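Please open the model in a viewer and keep the sequence at hand.

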Amino acid sequence: MAALRLIEPLHLQRIQSLLTDNNVLVQPITAQHEDYVIRNANRENDSPLQFLWWRGPKPEPLFFSLGTRGSKKSKSNPDAHLIIGTKADDRIVGYLLSQLPQDDVFVYLSFRMGNGEGGNNRWFGRGRRPQDQRPNVAMLQLHEQLRNTWQAAFPDPMPPHPTLPGDWLLLARLPLTELDPATAPNQRSALKTLILEKLAQAFVIAEKLRDKSFKGTGTTTVTDGKKASSFPSFMTFPLNQILYGPPGTGKTYHTSTRAVGILEGLADHEISSKYSREQVRARFEEYQQAGWIGFVTFHQAFSYEDFVEGIKPDVAEETESLRYAIEPGIFRTLADKALAAWQQAQQPAAEISLPFEVVYEAYLADLQARVEAGNGKAMLHTLENYEVFVTSIDSKNAIHIAPASAYGPTPIASKWTRAVYSQFAKISDIVPMNKTMRKVGGPNSSLQWAVFNDLKNFEAQHQSELQAATAAEETHLIKTTEAPRFVLIIDEINRGNVANIFGELITLLEDDKRAGRPEALTVKLPYSKEDFTVPENLYLLGTMNTADRSVEALDTALRRRFSFTEMLPEADVIRAQPNKGIIGEGAAAVDVARMLEVINSRLEQLLDRDHCLGHALLLRLDTLEELRAAFQRSILPLLQEYFFGDWGKIGLVLGPKFVEISKANAPGRFALADFSGYDGGNVREKPLYRVTKPENWDATAFQSIYPATPA
């Protein structure tokens, strides 16, 4: 397949003519998603682009039209903006036909699936308005629902767009030959119908899911006496919590459910009833990819430098020589993200900056014009006032920039400029430059600073024009005061030296010491000397194995800052398996769930409830061979650790079918040597214990562990 390119002017003009030609009739169209329906209003009249939309008891007119909007792209291609609207809202969707791609055979009727409402991300679905406030979690859920539903309705794969990044949805392939005005009338009618039908179907899906999203979002306003804050009307969660229990009780397994529940404001049982396990994992991974969930495992070598910040080796960009730089750890990285999101959520709507997409799109057009006017180069300046030159802008909107020396150009991807734009309102906020820009990331701090500086200068000089373009695109970015939540999962939290890992930050973990709380505290970090605080939208979720004797108990200061949820063995989880926890049939049936209950009862009598066996150790066992392997590889080694190798006590748990006594006269046991200097009389009578051979562990052996009938 040939690479795609932007639609050529001839074919764009032919699509425009096809859609506006009232002599080309539109065949009957019905687009429906659940109870939302769109149908032709009257295909025989002079308004073939007029439809009726049922989203309530009575239909309302829905219009398709072509026009020109206020953006530069729209003005450069007059009447190429396909607009869908009603009398009450004359522009629900603006669809730029000039951004459609084509190859040598087809024009690809397609659009980019964004992750929000507003700007270039909103191809279908209304822009956000003051009455459209809802939590960011609801936005992410809507995004996923839209993507899944669209892809189910339009499953054909879409090749990469030639100029615009992101995931695109292919609605239909329009043959270039059928766009020709000389094509037979019935073919032109079918093609016009196809275009409108596919757009109507995508539109009705988006509008139905969007409206359902609003109906499912409730908010409750609370106040601390200073300012009102809007929080979703769902349950609250402890900011710091630990799941603890014996091995195999599903602590780490459960963190994905709990983390998704924290982000979506749902209790564990609500998550379990709403999603399958596969869906929970998919949502967990999506949140993790979005940077809302972090995961780390503590161990004996894990340190403050890994968790908060430390000095790490680095290679200088300019000289490629080794140097040492202060790098943030996973906790500080996630805390900084959460703090930035929390601070942004506190801004009133009037203080919110222009959407990055609008500014960057206009900036690239201006920069490209300067490059062309400068014979292939546009001059920028670094912080040190060195001259650098933009040489090109590639199809992915990366800016290629090089110093005045002979070095080749470095591409500055739009994601790096976006990252700086989202974190800093003014160029003067980036201090110290190198250190601050390195935290943002990217290929070259000096060149990224030069691009951002030029972008902000352009923004200041074209403020009114950009605001007008924003209004024309209906990008009403209204911020909610409920900041998105972030979750850091700390697996095996008690295996690390927690006092050393957390350091002075232990105090900041307290609920009332978080940013946004009345007693909020800030500390100065020892390496970077920067102020640091923990925001109230960052949740810590730890796991702790109570039977792990390789570590000591949690530091008392840390323990009192966490809430604890005990995870106990649940035999009913085994009973919920397809085989109901029974291996075999009839007299040879082994009740695995009952066996677990009996073993744990005996362990609790001999030791304590912290030294039981978790149900996960005996899950998904369907045959006697699998049960035998689980005992040999997991159960017996764990019991040996619990009892420090005292096989006599293991025999009290499992019985004589698994542990046998080797008496003084047993075959293979030899008498002690004669030695007059030590009385070995008592030693001679000491019983020795041996594990029976695994091949002898039949159904009868496992049945012997538990009584024939429950006591």
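The model is predicted, so local features require pLDDT of at least 70 and side-chain atom pairs pLDDT 80 or more, whereas totals for chains, interfaces and linings use all residues. Residues are numbered from 1 along each chain as its sequence is written, and side-chain values use heavy atoms, with hydrogens and water left out.

**Surface patch**

Select I311, L322 and Y324, which make a nonpolar surface patch of about 360 Å². Patch residues have over 30% relative accessible area and no salt bridge, with nonpolar side chains (Val, Leu, Ile, Met, Phe, Trp, Tyr) joined within 5 Å and like charges within 9 Å; a salt bridge is a side-chain nitrogen of Lys or Arg within 4 Å of a carboxyl oxygen of Asp or Glu. Areas come from the Shrake-Rupley method with a 1.4 Å probe, and for residues only the protein chains shown count as cover. I311 belongs to strand β15 (residues 309–315); strands are DSSP runs of E, at least two residues, and helices are runs of H or I, at least four, numbered from the N terminus.

**A loop histidine**

Next, select H161, in the loop between α3 (136–153) and β10 (167–175). A polar atom of its side chain lies 2.7 Å from the backbone oxygen of Q99. Display also L6, P101 and W168, which are among the residues that H161 touches (heavy atoms within 4.5 Å), not counting those up to four places away in sequence.

**Helix α6**

Finally, select T255 in helix α6 (residues 251–264). Beyond four places in sequence, T255 contacts L243, I489, L541 and T543.

How values were computed. A polar contact is a pair of N or O atoms within 3.5 Å; within protein, one must be able to donate a hydrogen and the other to accept it, and residues adjacent in sequence count only if both atoms are side-chain atoms.
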